[in-house]
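Subject: Structure handover

Hello,

Here is the structure you were expecting, with the sequence alongside. My notes on it follow below.

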Amino acid sequence: MADVPSNAPSHCPGTGSDNAGKASACQGCPNQAFCASGASKATDPAIQEIKDKMASVKHKILVLSGKGGVGKSTFSAHLAHGIASDDSKQVALLDADMCGPSIPKIMGVEGEQVHQSGSGWSPVYVEENLGIMSIGFLLSSLDDAVIWRGPKKNGLIKQFLRDVDWGEVDYLIVDTPPGTSDEHLSIVQYLSATQVDGAVIITTPQEVSLQDVRKEINFCRKVNLPIIGVVENMSGFVCPKCQHESQIFPPTTGGAMKMCKDLSIPFLGKVPLDPRIGKSCDEGKSFLTEIPGSSATVVYKDIIHRIQEHCATHQSDVEATA
Amino acid sequence: MSQDIQSKLMVGILDIDLCGPSIPRMLNVLNSAVHQCDAGWVPVYVDKDKTMCIMSIGFLLETPDDAVIWRGPKKTALIKQFISDVAWGELDYLIVDTPPGTSDEHISVVECLRQHKPDGALLVTTPQAVSIGDVRRELTFCKKTGLPVVGIIENMSGFVCPNCSECTNIFSSGGGEALAEQSRVPFLGCVPLDPQLSHSLEEGRNFIQAFPKSATFDAINNIVEKILSNNNESSTLHT
């Protein structure tokens, strides 16, 4: 059972069960009185509030990675740009990386402020159909560090999900920090009452990075988060002068494609290393519209298309079961 | 870097990236186990002469694919144990490899090490503005916690095509140096993007022994020399 604490006595019935605090195994447990009072069964009221809020959001996508610096935020930003290039789609991008919020910079809205309205915080709009929320908008200077332990970060994530006035949204993309810790657990927990379409996992080709991706996949399986697929980023660099392709981060164990095959999860594509991608991010522009003809753009568009397809089938599945 | 210091001194590496420990693979001790002794946990030694030892959560997992899905307090507890209960023995340098960010792990390790007076922090960045932005926040973290900054290193700064020797700045260039100047901390040097380096790390080979003539080796060596000359009477570094 999921709600049995790791340090509980053996045969603990679980804090959420009807027998909590009343089973024979509860005798002598320091939390017996607490469990018996029924307080442990109460769920966080925020989960219900978030569910109500998310009723106006059609698709929710998490972007995860094992390692830092593999291109999560870059990908999240381009996923948002790509979907929002269709004017009929309303896109929201939530930056859940509290300690290293890079989304404002990549989207070219660094230094903007969030406004309060009657219905909550207003996201910052890059385009009419693309809104963003990030802790970067709440800091007074670019040097400000967010030196917070877990509970404070969780509190803000809760606020971001519950108190932001997203309006009617087709896609909510959540950009997460690296790892499998507080932020990830909280997002999954707070969204547990809503239908999350799934997670996109970003990696680089080397084994050092893939090893962490396997951990991330195990995390998704443990918390029942569907996996939309894996994107291999920084995979091969084509010299602009002689067109020779080099593997800067060598796929010594076959790269992400082989790993996906072994673990039977979808592989979404390989994005090549292109210096212009990093440059457009630094300038806060969309690479997809800056250099529309490049091979990286073609790959991006294909991946974005596949993610949208996944979401569409996910939705019909949900409707069928409902 | 530690492999370079190792040629002269005793080095310990503490990997506190609990969700993504990479140090064991990079130093080719992936399948080692941690043992107990009277003085505490015995770190894993990389070489026969016992000049370099490592402690990482990677050694405590059953399989390398196991995910460590922990919230802050549990991570803090393990870091405390790593610092107080590992039998490091006599060391010249302890290098602490941290995860990205300024959160639980960082607060905890700085708190635990405060009584041991750490020499300072090395900040590693890539040249593009997006990465520099995060390092600015890291600098503020060091300032607020009273941790001295040894300097900034710019990694992945330029790639030389093996075919035509054209140097491309894949992640732009010069960002690390500009930041160091602006925030008045020492700039220690640039390390180029080198597929041979990532290849060595993948296989856990010692890059410094395998490619002693490469430009990357010179770059790393220069940085290490600078750090060592800064710290003549020291014991703890912190990346």
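The radius of gyration used here is taken over C-alpha atoms, and the globule rule it is compared with is 2.2 Å times the number of residues to the power 0.38. For the 239 residues of chain B that rule gives a value near 18 Å, and chain B has 18 Å, so it agrees with a compact globule. Please keep in mind throughout that this is a predicted model.

Chain B

The C-alpha atoms of chain B fill a box of roughly 55 × 40 × 40 Å along the principal axes. Chain B contains 9 helices and 12 strands. Of its 239 residues, 46% are buried. Taking the contacts in chain B between residues at least 6 apart in sequence, 75% join residues at least 24 apart.

Domains of chain A

Chain A is split into domain 1, residues 1–42, and domain 2, residues 46–321. The C-alpha centres of these two domains of chain A are 37 Å apart.

The sheet in chain A

Chain A has an open sheet of 8 strands with mixed pairing, in the order β5-β6-β2-β7-β1-β8-β9-β12. The edges are β5 (124–127) and β12 (267–270) of chain A; each has a single partner strand, so one side of each is left without a neighbour in the sheet. Ignoring direction, neighbouring strands of this sheet are turned by 20° against each other on average.

Strand β1 of chain A, residues 57–65, is mostly covered, with 8 of its 9 residues buried. β1(A) pairs in the parallel sense with β7(A), residues 169–175, over 6 bridges. In that pairing H59(A) stands opposite Y171(A) of β7(A). β1(A) also pairs in the parallel sense with β8(A), residues 198–203, here over 5 bridges. L62(A) has A199(A) in β8(A) as its bridge partner.

Helices of chain A

α7(A) lies across β1, β8 and β9 (227–232) of chain A, and runs at about 170° to β8(A).

In α6(A), the buried residues are D182(A), E183(A), H184(A), S186(A), I187(A) and Y190(A). What do the buried residues of α6(A) pack against? Within chain A they pack against α2 (45–53), β1, α5, β7 and α7, and in chain B against α3 (72–84).

The contact between the chains

The contact takes 55 residues from chain A and 51 residues from chain B. On the side of chain A that touches chain B, the elements giving two or more residues are α4 (103–106), α5 (150–162), α6 (182–190), α7 (207–222) and α9 (275–283) of chain A. Which of them gives the most to that side? α7(A) does, with 10 residues. By type, the residues on this side of chain A divide into 22 nonpolar, 17 polar and 16 charged.

Regards

Note on methods: Residues numbered from 1 in each chain as written. Chains lettered and ligands numbered in written order. Predicted model: local features only at pLDDT ≥ 70, side-chain atom pairs only at ≥ 80, totals over all residues. Domains from an automatic or database assignment. Contact = placed C-beta atoms within 7 Å. Helix = DSSP H or I, 4+ residues; strand = E, 2+ residues; numbered from the N terminus. Nonpolar A, V, L, I, M, F, W, Y, C, P; charged D, E, K, R; others polar. Buried ≥ 20, exposed ≤ 12 C-beta atoms within 10 Å, placed from the backbone. Pairing = 2+ DSSP bridges. Axes fitted to C-alpha atoms, helices over the stretch in contact; angles between N-to-C directions.
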